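Subject: Structure handover

Hello,

Here is the structure I promised to pass on. Please open it next to this email.

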Amino acid sequence: MATEAEIAAMRRAIVLSSSGGEATHPNPNVGALVLDASGAVVGEGWHEQAGGPHAEVLALRRAGERARGGTVVVTLEPCAHTGRTGPCTEALLAAGVGRVVYAAADETALAGGGAQVLGQGGVDVEAGVLRREAERANERWLTRVRDQRPFVVWKVAATLDGRVAAEDGTSRWVSSDESRRDAHRLRSECDTIVAGVGTVLADDPHLTVRDQDGSLVGEQPLRVVVDSSGRTPRSARVLDDAAPTWVATAAELGSGTNGGVDLGALMKALWSRERTLVLLEGGPTLAGAFVRAGLVDRVVAYFAPTLLGAGAPVLSGTGVGTLAEGIGLDFDDVRRVGPDVRVTARLRRQEG
Ligand SMILES: NC(=O)c1ccc[n+]([C@@H]2O[C@H](COP(=O)([O-])OP(=O)(O)OC[C@H]3O[C@@H](n4cnc5c(N)ncnc54)[C@H](OP(=O)(O)O)[C@@H]3O)[C@@H](O)[C@H]2O)c1
């Protein structure tokens, strides 16, 4: 059983883990603390960037001799392989650590197996401490290694009564300038933007990252139009040379069980191209198909202070027929963005 000091240390390690941000890609975010034999914190570290030392190694360096006989608390199972840096298991054994407490198992074939190596080396190992919290802090990496697909954020702007377009089809600028700016920030954090051909035909969106004046900023994400039969018109703005665009067709990816492009194959193809964060920008038909296929991880929804009472809903075709089948969410954040309200939520997963 982990002690209270170890659990508190794990909480701190989870906070530290996120300090590496995107710089650790394609590695995970990891945080670690060293407790001396009396339980006092004597070293902290986090994986700062890919190719750099791992969290445990940095924390051990800071602890020095005080690590001997102590405990290392780390958010991910220590690695047992030599990559750009040496195995963490070796560093832990060399430091004379008596106990290792970790949160989540490293399921990669390459780096996994660390717990076993440590156990064989006489170290007392405890796994699974605050696992769920640690996994949340590493969700993009886990989606990549466990599900072998990019992490998917579905972004939608709607009226308070959940309409993305009015009955007559008018739909542009449902939300405010402030929300659109916020959405451009979201786009800038993603490497891929996905939209359905229905949205391309209705709105002719550009799907680029732009500043307030409309000028392109930074490296542009890949634009993907999901379009079974290649209906995207040649004149579509999404096909200009402002950013790369992939019109993903059923001829290329095959058809899904509910018709349309096979979305699992699309995700796998993006994963093979090392895409890690997809912003799904709808519309309702494509978003419904993503939700139905279990391919949405997070929702960012902007609600404008407008009521329509008719028009396209935020989502359709999820296959949910009764309340008990409703897809559960956890709200992570709710805030005002200009006159709108932005809700950030995560879809509940079946816990493994
Ligand atoms: N407010 C917002 O945030 C927002 C965002 C986006 C869109 N919208 C609005 O949404 C409306 C368009 O939405 P929409 O539902 O008509 O179109 P959509 O969801 O953008 O695209 C749906 C189309 O994608 C194609 N598709 C290919 N593979 C698919 C798959 N596996 N599953 C589902 N669809 C697949 C299908 O056409 P094919 O069979 O021809 O391939 C399908 O008809 C517009 O009014 C637009 O303004 C609003």
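The model is predicted.

Ligand shell

The ligand is surrounded by 32 residues. Gly-196, Gly-198, Gly-260, Gly-282 and Gly-283 are the closest. By type, the shell divides into 16 nonpolar, 12 polar and 4 charged residues. Four elements each supply at least two residues: strand S6 (151-159), strand S7 (192-196), helix H8 (197-203) and helix H11 (284-292). H8 gives the largest share, 5 residues.

Helix H11

H11 deserves a look of its own. Of its 9 residues, 7 are buried, so the rest of the structure largely encloses this helix. The buried ones are Pro-284, Leu-286, Ala-287, Gly-288, Ala-289, Phe-290 and Val-291. They pack against S6, S7, S8, H10 and S10. Just after H11 comes Gly-294, with a positive phi of about 70 degrees.

Nonpolar cores

In soluble globular proteins, nonpolar side chains tend to be buried together. Here the largest nonpolar core holds 48 residues. Trp-154, Val-226, Leu-280 and Phe-290 touch the most other members. Two or more residues come from each of S6, S7, H8, strand S8 (222-226), helix H10 (263-272), strand S10 (277-280), H11 and strand S11 (298-304).

Leaving out residues up to four places away in sequence, Phe-290 touches Val-152, Trp-154, Leu-263, Leu-280, Leu-295 and Val-296.

Open sheet

Five strands form an open sheet with mixed pairing, in the order S2-S1-S3-S4-S5. Strand S2 (41-46) and strand S5 (124-126) are the edges. Each has a single partner strand, so one side of each has no neighbour in the sheet. From one strand to the next, the twist averages 15 degrees.

Strand S1 (residues 31-35) and strand S3 (residues 71-76) run antiparallel, joined by 4 bridges. Within that pair, Leu-35 stands opposite Thr-71.

Best wishes

Methods: Residues are numbered from 1 along each chain as its sequence is written. This is a predicted model: local features need pLDDT of at least 70, side-chain atom pairs count only at pLDDT 80 or more; totals for chains, interfaces and linings use all residues. A residue is near a molecule or strand if its C-beta atom, placed from the backbone, lies within 6 Å of it. Ala, Val, Leu, Ile, Met, Phe, Trp, Tyr, Cys and Pro count as nonpolar, Asp, Glu, Lys and Arg as charged, and the others, Gly among them, as polar. A nonpolar core is a set of buried Ala, Val, Leu, Ile, Met, Phe, Trp, Tyr and Cys residues joined through C-beta atoms within 7 Å. A residue is buried if 20 or more other C-beta atoms lie within 10 Å of its own, exposed if 12 or fewer, and partly exposed in between; C-beta atoms are placed from the backbone. Two residues are in contact if their C-beta atoms, placed from the backbone, lie within 7 Å. Two strands pair if DSSP finds at least two bridges between them. Axes are lines fitted to C-alpha atoms, for helices over the stretch in contact, and angles run from 0 to 180 degrees between N-to-C directions.
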